[in-house]
Amino acid sequence: MASQEVQLESTIGGFTASGRLHTLSVWFIFALRLMMGLAFFQSGLDKVLSGSFTAGGYLTGAVPNSGSPLADLFVAMGNTPWFVDFVNVAVPWGELLIGLGLLFGALTRLAAFWGAFMMLMFYFGNWDVTHGYINGDFAYMLVFLSVAAFGAGRILGLDAYIEQYEVGGVPLVERHPWTQYLLG
């Protein structure tokens, strides 16, 4: 088994962070993608198959009692019938599709972005800072962002093949550079 370390470096706003990453890390990045994919797929599938998921009571009842700084926003969403109808479809099917995207490594960055967004909303919806501001919802949000940042869909995933699919004799990501924000 050959492994080595690779140098990473990134500069944002004039600050540079650098470090060395062991090449075995690719397996942990792959495992994070699969773990989050399976968790979301199972959660979404359970909700879709039950056919009884509803967010209205949660939005108007549970969130305000949590002390969330966004409680009023959640109550407003819960008191807007068309929005509750939207959430009742978006959450189960969103979880299911995010899970599938991560499991197959297809449209991974897009799936991870929406997964992170959902976890951010769950973070504020399930607000409990008794033991600090970092909880499981926040940690899962960071895992989703890590999966996106590492381009985890290229690791034993379909994104590696989709990126190289030729459109007019040119690989997709070269012909349409914006697709790199969805794939990887």
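Analyst: α6 is followed by Gly151, whose phi is positive, near 60 degrees. This is a predicted model: local features need pLDDT of at least 70, side-chain atom pairs count only at pLDDT 80 or more, and totals for chains, interfaces and linings use all residues. Residues are numbered from 1 along each chain as its sequence is written, and side-chain values use heavy atoms, with hydrogens and water left out.

User: What counts as a helix here, and how far apart are the end C-alpha atoms of α6?

Analyst: Helices are DSSP runs of H or I, at least four residues, numbered from the N terminus. The end C-alpha atoms of α6 (residues 136–149) are 20 Å apart. The expected span is 1.5 Å times one less than the number of residues.

User: Which residues of α6 are buried?

Analyst: Asp137, Met141, Val143, Phe144, Val147 and Ala148. They cover an arc of only 160 degrees around the axis, so they sit on the same side of α6. The arc is that of the directions from the helix axis to the C-beta atoms. Buried means under 20% relative accessible area, exposed over 50%, partly exposed in between (1.4 Å probe, protein chains only).

User: What covers them?

Analyst: The cover includes α1 (25–50), α4 (81–104) and α5 (108–125).

User: And what caps the N-terminal end of α6?

Analyst: Asn135 does. One of its side-chain oxygens lies 3.0 Å from the backbone nitrogen of Asp137.

User: Switching to loops. Where is Leu107, and is it exposed or partly exposed?

Analyst: Leu107 is in the loop between α4 and α5. At 41% relative accessibility, it counts as partly exposed. Its phi is positive, near 55 degrees. Most residues other than glycine have a negative phi.

User: What about Leu156?

Analyst: Leu156 also has a positive phi, near 50 degrees. It is found in the loop between α6 and α7 (159–164). At 60% relative accessibility, Leu156 counts as exposed.

User: Now the core. Which residues touch the most other members?

Analyst: In the largest nonpolar core, of 31 residues, they are Phe40, Leu59, Phe74, Ile98, Leu102, Phe144 and Val147. A nonpolar core is a set of buried Ala, Val, Leu, Ile, Met, Phe, Trp, Tyr and Cys residues joined through side-chain atoms within 4.5 Å. The largest share of this core, eight residues, comes from α5.

User: What does Phe40 touch?

Analyst: Leaving out residues up to four places away in sequence, its contacts (heavy atoms within 4.5 Å) include Glu95, Ile98, Met118 and Phe144.

Definitions and conventions
Helices (H or I, at least four residues) and strands (E, at least two) are DSSP runs, numbered from the N terminus. A polar contact is a pair of N or O atoms within 3.5 Å; within protein, one must be able to donate a hydrogen and the other to accept it, and residues adjacent in sequence count only if both atoms are side-chain atoms.
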